[in-house]
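Take a look at the model below.

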Amino acid sequence: MKQTRFLINFLLLLIVQICIANFFRLSQYVMISILPAMILLIPIKHGTIPALFIAFVTGLAVDLLSDGLLGLNVLALVPVAFCRLGIIRLIFGDEIFARKEDISVPRQGIWKMSVAIIMAIALFLIIYIWADGAGTRPLWFSGIRFAASLASSYILSLFVASILAPERTSGSRR
């Protein structure tokens, strides 16, 4: 039941990301992506290899169904999946893995979750902006694009975290 709900929410958020990529281009300075948060919030029981596969398929779906360079989201999203468990271990500690508990805002708190989401988005954006510019854009442009994209993506990613990792039900609280 929990896996089915996560899968349905993940697929709906994938559709939302495709719509954002196609219809909500704010400017050349802002690129909104909720993909890094989606990958970060894959349940811990799925290790790195399944997360890499999910990131590849998710990035490819966005690349195929939105305008842009084919493979750009894949290129930026797969390293996020590769570093996902490292980010979780760095921010939340090893006890998450010992308890086999998924991360969520109610369990870990808004500040720790914010740091983890920002790290995932920053990794994604560094690779995405570098590959998208291909050395043709000045550093100041890339810096402004990074900061504006990080801020806008972070705000939406907090909503993604509340959807993919909701609060526990009343029967499972301590």
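Start with one pair. In this predicted model, the side chains of Arg89 and Asp94 meet in a salt bridge, with N and O 2.6 Å apart.

How many salt bridges does the structure hold? It holds four.

Now move along the chain to Asp132. The side chain of Asp132 meets that of Arg137 in a salt bridge, at 3.5 Å from N to O. Asp132 is partly exposed, with 23% relative accessible area. Arg137 is partly exposed too, at 37%.

Asp132 has another partner. Arg145 forms a salt bridge with Asp132, and their closest N and O atoms are 2.7 Å apart. Where do these two residues sit? Asp132 lies in helix 7, which covers residues 110–133. Arg145 lies in helix 8, residues 139–164. The pair therefore ties together parts that are 13 residues apart in sequence. Shared partners join Asp132, Arg137 and Arg145 into one network of salt bridges.

Look again at Arg145. Its relative accessibility is 5%. Buried means under 20%, so Arg145 counts as buried.

Next, the empty space. How can it be found? Rolling a probe the size of a water molecule over the atoms shows where empty space is left. A search of the whole structure finds one cavity of 30 Å³ or more. The largest cavity holds about 170 Å³ of space.

Which residues surround that space? The lining of the largest cavity has 17 residues. Closest to the centre are Ala21, Arg25, Met31, Ile32 and Tyr128. Helix 1 (2–23), helix 3 (48–65) and helix 4 (72–92) each give two or more residues to the lining. Helix 1 gives the largest share, with three residues.

What classes of residue make up this lining? There are 10 nonpolar residues, four polar ones and three charged ones.

How values were computed:
Residues numbered from 1 in each chain as written. Predicted model: local features only at pLDDT ≥ 70, side-chain atom pairs only at ≥ 80, totals over all residues. Heavy atoms only, no water. Buried < 20%, exposed > 50% of the residue type's maximum accessible area, 1.4 Å probe, protein only. Helix = DSSP H or I, 4+ residues; strand = E, 2+ residues; numbered from the N terminus. 1 Å grid on protein atoms, 1.4 Å probe; cavity = no way out; pocket = protein on both sides within 12 Å on 5 of 7 lines; lining within 4 Å. Points joined across faces, edges and corners; volume = space filled by probe spheres on them. Nonpolar A, V, L, I, M, F, W, Y, C, P; charged D, E, K, R; others polar.
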